[in-house]
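Keep the structure open while reading.

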Amino acid sequence: MRQSFILIMVVLLWSNTIATQPASAAIHNIGSGGCPANTVVGGDNLVQNGDFAQGTSGFSSELTNRGNGVYPDDSGGGGFSIQNGSVVYPPFESNPYLFGRPFPGDVQRDVPPSNTYFYSNPSAENYSAGNGRVNLWTQVVNVAPNTTYDFFAYFDNLLDPVKSANGTADPIIELRVNNTSVGTTVVSKTPDRWVPIQFAFTTGTGVTSITLQIDSLTNNTFGDDFAMTQINLKQCVSGVGAAKYAFPPQAAQHYGEDGYRLEYLITVRNLGADPVNDLQAVDDLAAVFAGAEAWVVMTLENVNESGFVPLTVNPNFNGQTDKQLLVPGQSLAAGQTARLRLIVWVQPPEGPIVFANQVQLTAISGNVIVTDTSNSGLDPDPNGNGDPKEVNESGTTVTIFTPYQYWLPVVLR
């Protein structure tokens with residue numbers, strides 16, 4: 001009898017352990033720094049209606065929807081409102097201190113601008129009901145097993161940093177995946193701008209869906225007015241980077257016509273730990289030299305030096321009707337770098353002119369498309385962190401001709 005009792009207790013304890021296993025066991029938390037080193041976000045956004053352009057579809061919220069384009073005031077019970085464009089609240093005050101504005105976009109993460117956003121203003125009752133926590137947004141999203149993702153969104157503190165009263169509460173935001181938290185982030189009034197908050201993680205074996213959640217832990221209604229938009233879930237994949245360097249122009253003739261020889265070096269690199277395929281680089285020289293008297297492509301070739309792997313260049317490239325520098329089907333293994341030499345003869349006009357351009361790079365990493373726009377120089381990723389799309393690593397390669405035939409290399413950021 002005693003042995004049977006022990007057996008029953010063991011079975012009960014084992015079954016209870018299985019039943020109460022947290023959903024967070026389905027993911028491995030990487031952290032709030034975004035995609036791991038030598039990876040970038042890529043592919044489609046798996047979140048539905050992340051920019052709120054479709055209103056309230058696709059998500060749930062503990063806040064009351066007060067209607068589009070209205071001020072979700074505390075006296076009315078707080079809540080949320082989908083806003084469009086620039087707004088000023090409260091509209092009845094002569095000196096309003098709440099300002100909403102469109103989201104300008106984020107080139108680094110391939111996120112387009114958005115005019116629509118979620119205006120959040122929880123009430124004291126909301127915080128009381130949640131013991132200091134209010135769920136702003138929840139959505140279940142389909143994912144692939146054993147895959148690394150970055151869950152990120154953008155937030156804007158709507159309180160004017162000068163006009164808002166001293167002591168007003170700044171929003172405290174928490175991102176959660178399957179009830180796992182990456183920690184909280186304070187969205188300060190200064191600097192007054194949209195800021196990203198992110199949570200990178202890897203799904204477990206057999207995981208095909210996850211629950212994404214955004215909560216407010218501010219627990220203070222004196223302030224705590226903020227906007228959020230462009231909620232994203234994208235894969236973390238190997239990135240590719242490009243750089244374009246311009247040598248000083250050299251006087252040269254072409255069929256007896258005076259002009260200049262412009263030599264460029266185009267560097268392409270796989271910055272990740274996995275191979276990239278279907279590599280292609282596009283250089284629109286017709287747009288670059290639209291103001292020239294005449295121009296022609298003289299040479300496109302590989303730079304056959306140590307450290308560079310050869311790619312097959314496109315023999316039909318002319319920068320106008322055929323803008324692809326490479327033939328289809330090119331690839332680079334992890335960490336590999338290739339370099340091309342492009343020589344163009346150009347006849348500038350008599351007046352001052354600027355010839356500026358960037359190479360557009362695309363590739364397939366895993367099962368998603370990754371892209372980059374070249375920066376000026378020889379290194380696609382000057383800070384070496386594997387992400388070539390940061391703001392300070394994007395610049396236009398420029399050559400300036402003056403009436404005195406001086407030239408200046410300039411980096412436009």
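## The R101–D192 salt bridge

In this predicted model, R101 and D192 pair through their side chains in a salt bridge, N to O 2.9 Å. R101 sits in the loop between β5 (98-100) and β6 (116-121), and D192 sits in the loop between β10 (180-186) and β11 (195-203), so the bridge ties together parts that are 91 residues apart in sequence.

How accessible are the two partners? R101 has 26% relative accessibility and counts as partly exposed. D192, at 34%, also counts as partly exposed. Both values fall between the cut-offs of 20% for buried and 50% for exposed.

## Other salt bridges

The structure holds 15 salt bridges. One of them joins E263 and R261, side chain to side chain, at 3.1 Å from N to O. Which side of the burial cut-off does E263 fall on? E263 is buried, because its relative accessible area of 14% is under 20%. R261 is partly exposed, with a relative accessible area of 28%.

D379 and R269 form another bridge, and their closest N and O atoms are 2.9 Å apart. This pair links distant parts of the chain. D379 lies in the loop between β24 (375-376) and β25 (396-401), while R269 belongs to strand β16 (residues 257-270). The two are 110 residues apart. D379 counts as partly exposed at 30% relative accessibility.

Some bridges share partners. R133, E174, R176 and D215 are joined into one network this way.

## T138 in strand β7

T138 is part of strand β7 (residues 134-142). With a relative accessible area of 16%, T138 is buried. The T138 side chain makes a polar contact of 2.9 Å with the side chain of N135.

What does T138 touch beyond residues up to four places away in sequence? The partners are G58, F59 and S60, together with T211, L212 and Q213.

## Nonpolar cores

Nonpolar side chains tend to be buried together in soluble globular proteins. Here the largest nonpolar core has 38 residues. Which members touch the most other members? They are L279, L285, F289, L325, L342 and F355.

Take L279 as the example. Leaving aside neighbours within four places in sequence, L279 contacts V240, V268, L311, L326, L332, L361 and A363, and also Q330 and T362. A second, separate core has 35 residues; among them are F52, F80, V141 and V143.

## The disulfide

How many disulfides are there? The count comes to one disulfide. It joins C35 to C236, with an S to S distance of 2.1 Å. The angle about the S-S bond is -80 degrees, and the link of C35 and C236 is left-handed.

This pair, too, links distant parts of the chain. C35 is in the loop between β1 (27-31) and β2 (40-42). C236 is in strand β13 (residues 226-237), and the two cysteines are 201 residues apart.

Are the two ends buried or exposed? C35 counts as buried at 17% relative accessibility, and C236 counts as buried at 12%. Both qualify because the cut-off for buried is under 20%.

Definitions and conventions. Residues are numbered from 1 along each chain as its sequence is written. This is a predicted model: local features need pLDDT of at least 70, side-chain atom pairs count only at pLDDT 80 or more; totals for chains, interfaces and linings use all residues. Side-chain values use heavy atoms; hydrogens and water are left out. A salt bridge is a side-chain nitrogen of Lys or Arg within 4 Å of a carboxyl oxygen of Asp or Glu. Helices (H or I, at least four residues) and strands (E, at least two) are DSSP runs, numbered from the N terminus. Buried means under 20% relative accessible area, exposed over 50%, partly exposed in between (1.4 Å probe, protein chains only). A polar contact is a pair of N or O atoms within 3.5 Å; within protein, one must be able to donate a hydrogen and the other to accept it, and residues adjacent in sequence count only if both atoms are side-chain atoms. Contact means heavy atoms within 4.5 Å. A nonpolar core is a set of buried Ala, Val, Leu, Ile, Met, Phe, Trp, Tyr and Cys residues joined through side-chain atoms within 4.5 Å. A disulfide is a pair of cysteine sulfur atoms within 2.5 Å.
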